[in-house]
Each structure stands twice: as C-alpha cells, then as structure tokens.
Amino acid sequence: MATDGGETSPVAGDADDRAHAARTVAIEVAALRKSFGELAVLKGIDLTVRAGEVVCVIGPSGSGKSTLLRCVNLLEEPTSGTVRVAGTEVTGPDVDLDQVRRRIGMVFQAFNLFPHLTVLGNLTIAQRRVLRRGKEEAEDVARSNLRRVGLTEKEGSYPAPLSGGQQQRVAIARALSMGPELMLFDEPTSALDPELVGDVLAVMRRLADEGMTMLVVTHEMSFAREVADRVVFMDDGVIVEEGPPRQLIGEPRLARTRAFLSRVLDPAAAEVLEQGRE
Ligand SMILES: Nc1ncnc2c1ncn2[C@@H]1O[C@H](COP(=O)(O)OP(=O)(O)OP(=O)(O)O)[C@@H](O)[C@H]1O
Ligand SMILES: [Mg+2]
C-alpha cells in the first residue's frame, strides 16, 4: 500500500525542501485590515508573492490598491493582520522601519525627483546618506542602473527637461540603486502621455525578465497579460478573484470581475487580447 509520501525521501531532504519553500516567499500578507477612522479600506487581504514572481493588482478607484502597497512597506500601519517580507514579520513590534524600507523599492505615479540635483545626484543621494556608500561606489551603482533603464547619456541632466517617461525611468533606476529585494509599483505609467508609456513598461518588463520580484498596481492590461505571473482583482477592500492573467483577464469567473474588465478594456484592447490567445 502506498504511503502518503510515496517514495520516502531522507528527512534532511524534506528539511531542505521546507527551507527552500520558506525562502521563496517574498511577500506574505495575511488577514490584513486597514481602516482610516470609521472607513474600512482593507477588509482582510491574504496574498503571497514568491521570489521572482510578478503580480499585478487591478481594481476600481478607491478599492484599496495603493493602501495595500503602502501597508507592505509600512508607509501605512496596518490596523490588524501581518505582513512578512522574505520571512521577516515587518508588522512586528521591534521592526526597524528603515531597514524594511531599504529592502523594498517603491515607484509611484509621481516621480518625486529632486529638481536641484542632476540625474546622477538623484541616484546617489540616498545611497550615500542611507547606505553610507562612498561617492565612487554610489556613482558606479547609479551608472549601471541608468544603463538598465536606457538613460546612460542623461546622467548630467537635471530632471526638468526630461520627458515624463524618462523621469519615471530615472525614478526606477534610483529605486534599483538601493539594491532592493523586491519592487512595488503604484500605477507607474498613469501620469504619462500615452506615447511615453511603452518605454517605462519595457524597462519593467526587462526587470521582470531578470527575475525581480514585483508587485504592480496598474491599469495597463496588456502589460498585466504579458508580464504578470498572476493578476489580483481587488474591489471594495477585498481580493475578489486572482489567477494567471490568461484566465483572470481572459475568462474571469465572477461577474464583478467581468464588469470591471469590460469597463477598462476598450474594444481595441480586447481585440489585441484575442489575438494574443493564439
Ligand atoms: N490616509 C488616508 N486617510 C483617509 N482615507 C484614506 C487615506 N488613504 C486612502 N484613504 C481612502 O481609502 C480608500 C482606498 O484608497 P486607495 O488609495 O488605497 O485606493 P486605490 O485602489 O489605490 O484607488 P486609485 O485607483 O484611485 O488609486 C479611499 O476611499 C481613500 O479615500
Ligand atoms: Mg491608488
């Protein structure tokens, strides 16, 4: 009679497997609730993101997407529930906030570059002040990340003359220069003119290909479809439905998800998705 384990493996092997499984969880959100006064914004969120995974979060305005991201890097203090980043409970009482945030890169809709600093200055200032890197090392790191976002030639420029897309790529390079273990993106392209969106998404796609763990709030359904391992649909403070993009965007199970998607997917985009199914 077959036992549960089938072929028995050595106990040490099981332990290794368990250790591996533990290591590969990058973000673990459990029973997360967040209220602002009387307003319950997150109503019990459970979400696991594994190392190297790209998870896109979609949902209507006000559903709590930004609040979820902000609870992950503790820009907001959860009302209850836990958040673990790479196995460390960041919602614990003795957590070092600065250390947690150092491990997590965040890119917002607004680029928040220092206008009085050059691109290189913007990329080195936190490395030097927070990570205490020397000038030369910080500049080397900055230049290698400018190369990653395709802006090597802009290191001496100030932010103002750069396009929105270029400024956002600088903001991504700045986050990468801190050597984060994972990256959170909150609608990184929604402030951009349509013709500039593609360059930013291309940079994000490359990051994903390199194996970066990414949690991305976005309205770019084609990006979610092509790049995400999983898509999470949030509405009214809960995760309504999640799944691989092909399933969640292509064949959502629930009426609420379908209603949202039919609002955001215009006919042209829907056609592209259809073609992508082949
Ligand atoms: N600091 C705050 N104080 C009070 N209410 C807040 C605060 N931050 C967010 N909220 C409220 O929480 C709800 C969810 O906001 P959140 O920004 O997380 O939504 P969202 O899904 O990111 O929306 P959008 O797509 O418009 O960015 C909204 O009703 C918002 O007004
Ligand atoms: Mg938001």
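**The largest pocket**

Modeller: Its volume is about 650 Å³ (the space filled by probe spheres set on grid points joined across faces, edges and corners). Bear in mind that this is a predicted model, where local features need pLDDT of at least 70, side-chain atom pairs need 80 or more, and totals for chains, interfaces and linings use all residues. Numbering runs from 1 along each chain as written, chains are lettered from A and ligands numbered from 1 in written order, and side-chain values use heavy atoms, without hydrogens or water.

A pocket here is an open set of points on a 1 Å grid where a 1.4 Å probe fits, with protein on both sides within 12 Å along at least five of seven lines; lining residues have an atom within 4 Å of a point. That gives 25 lining residues, with Arg 101, Met 106, Ala 126, Arg 174 and Met 178 nearest the centre. Two or more lining residues come from each of α3 (97-102), β6 (104-107), α4 (119-129) and α6 (164-176). By type, the lining holds 15 nonpolar, 5 polar and 5 charged residues.

Now for your loop residue, Asn 73, which sits between α2 (65-72) and β4 (80-85). Asn 73 counts as buried because its relative accessibility is 4%, under the 20% limit (1.4 Å probe, protein chains only). Beyond four places in sequence, Asn 73 contacts Arg 101, Ile 104, Met 106 and Leu 184 (heavy atoms within 4.5 Å). Zooming out, 46% of the protein's 278 residues count as buried.

Conventions:
Helix = DSSP H or I, 4+ residues; strand = E, 2+ residues; numbered from the N terminus. Buried < 20%, exposed > 50% of the residue type's maximum accessible area, 1.4 Å probe, protein only. Nonpolar A, V, L, I, M, F, W, Y, C, P; charged D, E, K, R; others polar.
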